[in-house]
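Student: Please take one part of this model and go through it closely. I would like the side-chain contacts and the surroundings in one connected account.

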Amino acid sequence: AAKKTNGGKYKAINNEVRKMIIDAILRGNTIKEVASLYNLNRTTVITIYNCFENEGKTEKQHRGGKRKLLNEPELERLREFLRENCQRTISDASHMIQDEFGVHIASSTLYKYMK
């Protein structure tokens with residue numbers, strides 16, 4: 001839950017502010033007072049507090065997203081592979097990743113890793 005700001009974007013509410021919101025409510029402040037204090041929508045404050053009450057969480061929930069195809073050790077191996085011979089192509093790197101890690105990675109994605 002976050003507050004919309006300019007252009008319909010959401011303002012991030014960090015975990016520290018979430019804890020302060022919950023603490024303020026637990027100290028007896030109303031939802032309306034807390035929302036006004038932190039310049040947030042009442043619904044946002046309610047969502048943060050309900051998550052705390054129902055699940056005991058004060059941290060922002062992870063919202064998913066696509067996982068990285070290569071982890072840090074694999075990225076380091078890729079960098080090492082490319083440093084060994086600067087004439088290697090994206091295709092060479094793709095084959096190395098497939099052979100060593102069993103990961104199929106599109107050339108366009110590999111290009112982004114190599115930037």
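Tutor: The model is predicted. Start with Asn41, whose side chain reaches the backbone nitrogen of Thr43 at 2.8 Å. Asn41 is found in the loop between α2 (31-37) and α3. Its relative accessibility is 41%, so Asn41 counts as partly exposed. Asn41 and Ile31 are 10 residues apart in sequence, and their C-alpha atoms are 9.6 Å apart in space.

Next comes helix α3, which covers residues 42-55. Tyr49 and Phe52 both belong to helix α3, and because they are 3 residues apart there, about one helical turn separates them. The structure holds 1 aromatic pair. That pair is formed by the rings of Tyr49 and Phe52, with centres 6.1 Å apart and planes at 40°, so it is tilted. The class follows from the angle, because planes under 30 degrees apart would count as stacked and those over 60 as edge-to-face.

Phe52 has a relative accessible area of 24%, so Phe52 is partly exposed.

The charged end of Arg88 sits over the ring of Phe81, at 3.9 Å from the ring centre.

How values were computed:
Residues numbered from 1 in each chain as written. Predicted model: local features only at pLDDT ≥ 70, side-chain atom pairs only at ≥ 80, totals over all residues. Heavy atoms only, no water. Phe/Tyr/Trp six-rings, centres within 6.5 Å; stacked < 30°, edge-to-face > 60°. Helix = DSSP H or I, 4+ residues; strand = E, 2+ residues; numbered from the N terminus. Buried < 20%, exposed > 50% of the residue type's maximum accessible area, 1.4 Å probe, protein only. Lys NZ or Arg CZ within 6 Å of the ring centre and 35° of its normal. Polar contact = N/O pair within 3.5 Å; in protein donor to acceptor, adjacent residues only side chain to side chain.
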